[in-house]
Amino acid sequence: MANTYTWSYPQLDTAPTEGDLSDVIKTIHWRITAVSDSEQDADDNYLSATMYGTTGVEVDDGADFIEFNSVTQDWCKAKVLADMAQTEEEVQASLDSQIAEMASPSIVGKVPSSW
């Protein structure tokens, strides 16, 4: 099973000004989605798993400041992973296990046929 992983950053919350700085990023809204290339549901849709959240960004006396229009997705990913205290591989492994659980559930809901 090989999965494809896609990071997205739908919004960056900024402070219009902070001291002499402008458009200071304060919060990164992020999402990572894994999609299987082999495991499918009953409707033939490829299984997927998603993690999402927000990461606060601190700017210490401007030393960590990056111009808003210079921000890259790699910069955002590095901030998110640092905040999560995980490597990208660990995040991917978590998503992989969610997809594996969907493909072969360890627990299924059932009721007796006599009900």
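Me: Is isoleucine 28 buried or exposed, and why does it count as that?
Reply: This is a predicted model. In it, isoleucine 28 counts as buried because its relative accessibility is 0%, and the cut-off for buried is under 20%.

Me: Where does isoleucine 28 lie?
Reply: Isoleucine 28 is part of strand β2.

Me: And what is isoleucine 28 in contact with, leaving aside neighbours within four places in sequence?
Reply: The contacts of isoleucine 28 include Tyr9, Gln11 and Leu12.

Me: How many residues apart in sequence are isoleucine 28 and valine 57, and what is the C-alpha to C-alpha separation?
Reply: They are 29 residues apart in sequence, with 7.4 Å between their C-alpha atoms.

Me: Going back to tryptophan 75, what does that residue touch?
Reply: With residues up to four places away in sequence not counted, tryptophan 75 touches Ile25, Ile28, Val57 and Ile66.

Me: How many residues are in the largest nonpolar core, and which have the most contacts inside it?
Reply: The largest nonpolar core has 19 residues. Those with the most contacts inside it are Trp7, Tyr9, Ile28, Trp30, Ile32, Trp75 and Leu95.

Me: Which elements give two or more residues to this core?
Reply: They are β1 (3–18), β2 (21–40), β3 (46–56), α1 (73–84) and α2 (88–103). The largest share, 5 residues, comes from β2. As general background, nonpolar side chains in soluble globular proteins tend to be buried together.

Me: Now the whole chain. What pattern does it follow along the sequence?
Reply: The protein chain reads β-β-β-α-α, with 2 helices and 3 strands in its secondary structure. Its radius of gyration is 19 Å, well over the 13 Å that the globule rule gives for 115 residues, so the chain is more spread out than a compact globule.

Me: What box do the C-alpha atoms fill?
Reply: Taken along the principal axes, the box is roughly 70 × 30 × 25 Å.

Me: What percentage of the residues count as buried?
Reply: Of the 115 residues, 26% count as buried. The accessible surface of the chain comes to about 7600 Å², and carbon and sulfur atoms account for 46% of that surface.

Me: What share of the contacts with a separation of 6 or more comes from residues 24 or more positions apart?
Reply: Such pairs account for 60% of those contacts.

Me: A change of topic: how many positive and negative side chains are there?
Reply: The protein chain has 5 positive and 21 negative side chains. The centres of the two sets lie 5 Å apart.

Me: What about backbone angles: what is the phi of aspartate 44?
Reply: Aspartate 44 has a positive phi of about 65 degrees, although it is not a glycine. Most residues other than glycine have a negative phi. Aspartate 44 sits in the loop between β2 and β3 and counts as exposed because its relative accessibility is 56%.

Me: And where is alanine 85?
Reply: Alanine 85 is in the loop between α1 and α2. Alanine 85 is not a glycine either, and has a positive phi of about 55 degrees. At 66% relative accessibility, alanine 85 counts as exposed.

Me: Lastly, what does threonine 4 touch?
Reply: Threonine 4, in strand β1, touches Thr33, Ala34 and Val35, not counting residues up to four places away in sequence. The C-alpha atoms of threonine 4 and valine 57 are separated by 27 Å.

Conventions:
Residues are numbered from 1 along each chain as its sequence is written. This is a predicted model: local features need pLDDT of at least 70, side-chain atom pairs count only at pLDDT 80 or more; totals for chains, interfaces and linings use all residues. Side-chain values use heavy atoms; hydrogens and water are left out. A nonpolar core is a set of buried Ala, Val, Leu, Ile, Met, Phe, Trp, Tyr and Cys residues joined through side-chain atoms within 4.5 Å. Buried means under 20% relative accessible area, exposed over 50%, partly exposed in between (1.4 Å probe, protein chains only). Helices (H or I, at least four residues) and strands (E, at least two) are DSSP runs, numbered from the N terminus. Contact means heavy atoms within 4.5 Å. The radius of gyration is taken over C-alpha atoms; the globule rule is 2.2 Å times the number of residues to the power 0.38. Accessible areas come from the Shrake-Rupley method with a 1.4 Å probe; for residues, only the protein chains shown count as cover. Lys and Arg count as positive and Asp and Glu as negative; His and the chain ends are not counted. The place of a charge is taken as NZ of Lys, CZ of Arg, CG of Asp or CD of Glu.
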